[in-house]
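This report walks through one protein model. It starts with a group of rings and then moves out to the whole fold.

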Amino acid sequence: MAAKKRYFGTDGIRGKVGQTPITPDFMLKLGWAAGKVFTQGGNRSKILIGKDTRISGYMFEAALEAGLTAAGVDINLTGPMPTPAIAYLTRTLRAQAGIVISASHNSFEDNGIKFFSDNGTKLPDEVELAIEAELSKALTTVAPKFLGKASRIDDARGRYIEFCKSTVGSRLTLSGLKVVVDCANGATYDIAPAVLCELGADVVSIGTDPNGLNINDKIGSTSPAALKEKVLEVGADLGVALDGDGDRSIMVDHEGNVVDGDEMLFVIACERRRRNIEFGGVVGTKMSNLGMELALAKLEVPFARTAVGDRFVLQEMQQRGWQLGGESSGHIICRDITTTGDGIVSALQALTAVALTDKPLMELRSAMQKFPQTMINVRLGQNPNVSASQSVRDAVSGVEAKLQGRGRVLLRPSGTEPVLRVMVEGEDADLVAQLARELAGVVAAEAEEFA
């Protein structure tokens, strides 16, 4: 039986600042434990540390630095830097690992730690388990002459900007496009606008004034209203919204319609098919819209679903040898370009389609018709296996019959709270909402019965 991780989740370690494990003393010990793992065999290691713009990042950066140097690890500090930039720099600077201090799209009260391996991917389970094993040991310090040293990478920003630009080739220009970019007051605040400007776009920026407390605050990819308003106000061709750590993005067309991660994936796949760029197929998740699956099928593009989470998407892409995958949240992986989800890179791939076809984003996404979805959270009480009950299974079968093969039903336990997410998807929005309410009622009654 596989060992169970105590602290690491599907996307690192995350929680409320000041509550275990998101405390300075834990971060000190975590840095030391990671340092012990990466110096096994007596090798001198180098680890990068980046962070987003939330105020607690300074505190945790210092704690990690102390722990890592105590274990004899050298450190390169980048300051505020997008999560995918750390993945890229870890690989290109030949570091043994990269650490990002971020809680992604969460508010400033939260923070977390993400690790990258030397090849820019998430750490394997066995390495995370090895770090957790070291956490149970007493912290010791190497002899003074073996202590690690910390230094800053002065050109980290420029290196990453050039990388982002290189992903669309040296000949592409965004000249003539007016683009609004929303940086969520996060880690991309001075990078995303620079990338777009240097590629020739007329750029209007919002969410570029971080103060440590306003990251993701009514702005960014999880709150597109501000982007929609600015796009309409300035008459932009489109808008791009990133999240606080820059690993996901969504878009808005010139009429203010949101173009989510599923639609962006479809636009990118269509452009690659148009240019005869081989990518194998597209990996989505159980939550990916059925409209994308059907639209890809019309193009004869293979599609596969996996569990929710970019870790699972990447694993499936690697197993199949495919190059495109992602989630409706805007976490998109272009595996032939980079090793992890990158909001700027994926937005640039969609912008490439706009620039090369000279068609508006609205037209490019129109070949995919999103199916209405309704999701209802039902509290589980003391019975986590409600979905296995006969009454719930019968109700699911009844809903599927009413959808007549043109829709989906999904019951998915939350990974963070005791609720079951009841999702119904189909062509008729009113019917979908009605069926979701009916199914949620059956689930709630069953949960209450077993409570």
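## Aromatic cluster

Tyr88, Tyr160 and Phe163 are linked into a cluster by ring pairs. Rings of Phe, Tyr and Trp (its six-membered ring) pair if their centres lie within 6.5 Å; planes under 30 degrees apart are stacked, over 60 edge-to-face, and the rest tilted. The whole structure holds 4 aromatic pairs. In one of them, the ring centres of Tyr88 and Phe163 are 4.2 Å apart and the planes meet at 20 degrees, so this pair is stacked. The pair links distant parts of the chain: Tyr88 sits in helix H3 (residues 83–92) and Phe163 in helix H5 (residues 156–166), 75 residues apart.

Tyr88 and Phe163 are buried. Buried means under 20% relative accessible area, exposed over 50%, and partly exposed in between (1.4 Å probe, protein chains only).

## Basis of the model

The model is predicted: local features need pLDDT of at least 70, side-chain atom pairs count only at pLDDT 80 or more, and totals for chains, interfaces and linings use all residues. Residues are numbered from 1 along each chain as its sequence is written, and side-chain values use heavy atoms, with hydrogens and water left out.

## Overall fold

The protein has 14 helices and 18 strands. These are DSSP runs numbered from the N terminus (helices H or I, at least four residues; strands E, at least two). The radius of gyration is 23 Å, close to the 22 Å given by the globule rule for 451 residues, so the protein is as compact as a globular protein of that length. The radius is taken over C-alpha atoms, and the rule is 2.2 Å times the number of residues to the power 0.38. Along its principal axes the C-alpha trace spans about 70 × 60 × 40 Å.

Of the 451 residues, 56% count as buried. Among contacts (heavy atoms within 4.5 Å) with a separation of 6 or more, 71% involve residues 24 or more positions apart.

## Backbone exceptions

Thr20 and Pro21 are joined by a cis peptide bond, with omega about 10 degrees. Pro21 lies in the loop between strand S1 (13–16) and helix H1 (24–38).

Arg94 is not a glycine, yet its phi is positive, about 60 degrees. Arg94 lies in the loop between H3 and strand S4 (97–101). Its relative accessible area is 62%, which makes Arg94 exposed. Gln404 also has a positive phi, near 55 degrees. Its loop runs between helix H13 (390–403) and strand S17 (407–413). Gln404 is exposed, at 67% relative accessibility.
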